[in-house]
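Subject: Structure handover

Hello,

Here is the structure we talked about. Please open it first, then read the notes below.

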Amino acid sequence: GTSFISVLTPCPTGWLFNPELTARLGVMAVESGFYPLLERESGSVRVTEPVSRLRPLADYFMAQHRYVAFPRPLIALMQEIVSEAYAGQTRGKDA
């Protein structure tokens with residue numbers, strides 16, 4: 001059948017981080033729940049690489065200079081949203 005693949009590719013130039021950290025930022029995106037590894041099959045979505053304890057989203061954001069001006073309250077709000085969405089995805093609910 002039809003397949004779709006979405007790939008996160010960290011961009012050192014646009015995201016403003018040391019190019020040596022490219023692979024690490026991709027891993028941090030997954031570990032923080034900001035970009036979970038998902039698979040959709042037969043109408044259901046599952047997390048293919050569940051993270052037992054999410055890394056703080058602030059770690060992921062602060063590794064990139066593009067987020068330097070984000071207010072801490074906004075990061076905290078985004079953490080709540082990401083944590084709730086991730087918990088729903090790991091319980092087998094649709095993303």
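This is a predicted model: local features need pLDDT of at least 70, side-chain atom pairs count only at pLDDT 80 or more; totals for chains, interfaces and linings use all residues.

A residue counts as buried when its relative accessible area is under 20%.

**Helix H2 and what covers it**

Helix H2 runs over residues 22-31. Its buried residues are Leu 25, Gly 26, Met 28, Ala 29 and Val 30. Look at the spacing in that list. An α-helix has 3.6 residues a turn, so residues three or four places apart point the same way. The cover over the buried residues of H2 includes helix H3, residues 57-62.

Next comes the loop between H2 and strand S1 (38-41), where Ser 32 is placed. Is Ser 32 buried or exposed? Ser 32 has a relative accessible area of 0%, so this residue is buried. The side chain of Ser 32 reaches back to the backbone oxygen of Ala 29, at 3.1 Å. Ala 29 is itself one of the buried residues of H2. Leaving aside residues up to four places away in sequence, Ser 32 touches Leu 54, Arg 55, Pro 56, Leu 57, Tyr 60 and Val 82. Gly 33 also deserves a look. Just after H2, Gly 33 takes a positive phi of about 85 degrees.

**Aromatic pairs**

How many aromatic pairs does a search of the whole structure find? The search gives 7. Two of them involve Phe 34.

Start with Phe 34 and Tyr 60. Their ring centres are 5.5 Å apart and their planes meet at 45 degrees, so the pair is tilted. Phe 34 sits in the loop between H2 and S1, while Tyr 60 is in helix H3, so this pair ties together parts 26 residues apart in sequence. Phe 34 has 30% relative accessibility and counts as partly exposed. Tyr 60 is buried, at a relative accessible area of 1%.

Now take Phe 34 and Phe 61. The ring centres are again 5.5 Å apart, but the planes stand at 85 degrees, so this pair is edge-to-face. The pair also links distant parts of the chain, with Phe 34 in the loop between H2 and S1 and Phe 61 in helix H3, 27 residues apart. Phe 61 is buried, with a relative accessible area of 0%.

Phe 34, Tyr 60 and Phe 61 belong to one aromatic cluster, together with Tyr 67 and Phe 70.

**Salt bridges**

The whole structure holds 4 salt bridges. Side chains of opposite charge can pair when their charged atoms come close.

- Arg 24 pairs with Glu 31, and their closest N and O atoms are 3.1 Å apart.
- Arg 55 pairs with Glu 31, at 3.0 Å from N to O.
- Arg 55 pairs with Asp 59, at 3.4 Å from N to O.

Which residues do the shared partners join into one network? They are Arg 24, Glu 31, Arg 55 and Asp 59.

Where do Arg 55 and Glu 31 lie? Arg 55 is in the loop between strand S2 (44-47) and H3, and Glu 31 is in helix H2, so their bridge ties together parts 24 residues apart in sequence. Arg 55 is also among the residues that Ser 32 touches.

Arg 24 is partly exposed, with a relative accessible area of 35%. Glu 31 is partly exposed too, at 26%. Arg 55 counts as partly exposed at 21% relative accessibility. Asp 59 counts as partly exposed at 36%.

**A nonpolar patch**

Last, turn to the surface. Leu 74, Leu 77 and Ile 81 form a nonpolar patch there, with about 250 Å² of accessible area together. Leu 77 belongs to helix H4, residues 72-90. The relative accessible area of Leu 77 is 43%, so this residue is partly exposed.

Best wishes

Definitions and conventions: Residues are numbered from 1 along each chain as its sequence is written. Side-chain values use heavy atoms; hydrogens and water are left out. Patches are made of residues with over 30% relative accessible area and no salt bridge: like charges are joined within 9 Å, nonpolar side chains (Val, Leu, Ile, Met, Phe, Trp, Tyr) within 5 Å. Accessible areas come from the Shrake-Rupley method with a 1.4 Å probe; for residues, only the protein chains shown count as cover. A salt bridge is a side-chain nitrogen of Lys or Arg within 4 Å of a carboxyl oxygen of Asp or Glu. Helices (H or I, at least four residues) and strands (E, at least two) are DSSP runs, numbered from the N terminus. Buried means under 20% relative accessible area, exposed over 50%, partly exposed in between (1.4 Å probe, protein chains only). Contact means heavy atoms within 4.5 Å. A polar contact is a pair of N or O atoms within 3.5 Å; within protein, one must be able to donate a hydrogen and the other to accept it, and residues adjacent in sequence count only if both atoms are side-chain atoms. Rings of Phe, Tyr and Trp (its six-membered ring) pair if their centres lie within 6.5 Å; planes under 30 degrees apart count as stacked, over 60 as edge-to-face and the rest as tilted.
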